[in-house]
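Below are some notes for a colleague who is opening this entry without having seen it before. They are set out as numbered points, to be read beside the structure.

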Amino acid sequence: VCTAVLAVLTSAKPTGSEEMAVELRMPEVQPKLHDTYLCVPMQAGKKASYITGFLPHANSSTAHHMLIYGCAVPFKTDQIWNCGEMASKNSDVEQGPVCTEGAKILYAWAMDATSLHLPKDVAFKVGGNSEINWVVLQVHYKDVHLFLPPYNQKDHSGVTMLVTETPKPKRAGVYLLATDGEVAPNAVTYMEAACSYEQPMTIHPFAYRTHAHDHGEVVSGYRVRNGQWTELGRKSPKLPEMFYNVTHAGITILPGDILAARCTMVNHENRTVAIGSTVKDEMCNFYLMYWVDGEDIMDENYCVSPGPPSWYWSDVHAIHAENVPADASVVPGT
Ligand code: IYT
Ligand code: CU
Ligand code: CU
């Protein structure tokens, strides 16, 4: 395993402006099995850095997705590892989670995704006194035939991050709405989560990402204010799982608002499918990327409900079924 490429975040090249281009790439790897997930770590500095953009370098015929995580503690700090969601069999590197503590998704690339430039004056703070001490790149290698004989190619997929040490006036964060629970056999099941937002500062959501496995038809997210529902985002999780712009640009979240998400799961199988980490299991995730004025991002990063069959939106006092948008389970464009 090549360790020379595991540079620290601050060893970067100037881009002409105050921003530096920091390369976070696979160190010429040769995964041998389809659906291998590899992770490579990069340490954030003692001094805080501010990430304002992500430029992907990957080929969609080889890589299925790439995710950039912020970790308090990554599984490995000095080598690449196998960090698959799907418990993958043999591998020549160690296997473990992406982060062992404090995981946050900062960027997602899938299929036809392009660069992500955060809005003006907005950045993810990493290093320093932020809770992100390491930035980790995960690549899901879908098709590995080019790495096998007779081709024997090597891969250095990854992301160029735009980084500056000059503090930005607005800080980015990611909030995850997710459920536990299970999908009933031969049925449509709603997996729902809702949490009230009670912090003093205004949240400005600007992008969202959905994630589910095979049974997910549509994932939708909402702001509920005084009984009125406003869509944050709605997408088929079968489309590339990257961050998309929120439905209404400029939408805000204020104290007292409820954040709610639903995954509509369609199960034609004769088995109960529980939430879990393998492809045979399900997941119900709605990620909201937001900015706040100043330093104080939300101190809660997750809203996780018990999910079906024990928990639904109707268990929240302030949610009334007749106000739920009629298209909450409709795949956009159908
Ligand atoms: C059980 C479940 O829903 N897992 C999700 C959500 C999740 C995200 C993060 C769980 C943990 C995290 O640290 I960040 I523990 C899940 O694994 N989602 C996948 C990624 O692995 C994050 C996804 O693509 O959204
Ligand atoms: Cu993938
Ligand atoms: Cu998953």
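1. The domain assignment divides the protein chain into domain 1 (13–164) and domain 2 (170–323), with bounds that come from an automatic or database domain assignment. This is a predicted model, in which local features need pLDDT of at least 70 and side-chain atom pairs count only at pLDDT 80 or more, while totals for chains, interfaces and linings use all residues. Residues are numbered from 1 along each chain as its sequence is written, and chains are lettered from A and ligands numbered from 1 in the order in which they are written.

2. The centres of domain 1 and domain 2, taken over C-alpha atoms, are 24 Å apart. Their contact (C-beta atoms, placed from the backbone, within 7 Å) takes 21 residues from domain 1 and 16 residues from domain 2. On the side of domain 1 that touches domain 2, S9 and strand S11 (122–126) each supply at least two residues, and S9 gives the most, with six residues.

3. As for secondary structure, the protein chain has zero helices and 24 strands, where helices (H or I, at least four residues) and strands (E, at least two) are DSSP runs, numbered from the N terminus.

4. Which residues surround ligand 1? The shell consists of Glu85, Ala103, Lys104, Ile105, Leu176, Ala178, His211, Ile275, Met283 and Asn285, and the elements that give two or more residues to it are strand S9 (104–110) and strand S14 (170–179). Because domain 1 (13–164) and domain 2 (170–323) both give residues to this shell, ligand 1 lies between them.

5. Buried residues make up 43% of the 334 residues in the protein chain; a residue is buried if 20 or more other C-beta atoms, placed from the backbone, lie within 10 Å of its own.

6. Leaving aside neighbours within four places in sequence, Val136 is in contact with Cys39, Val40, Pro41, Tyr69, Cys71, Pro74, Val98 and Cys99.

7. The C-alpha atoms of the protein chain fill a box of roughly 60 × 50 × 35 Å, taken along the principal axes.

Note on methods
Near = placed C-beta within 6 Å. Buried ≥ 20, exposed ≤ 12 C-beta atoms within 10 Å, placed from the backbone. Contact = placed C-beta atoms within 7 Å.
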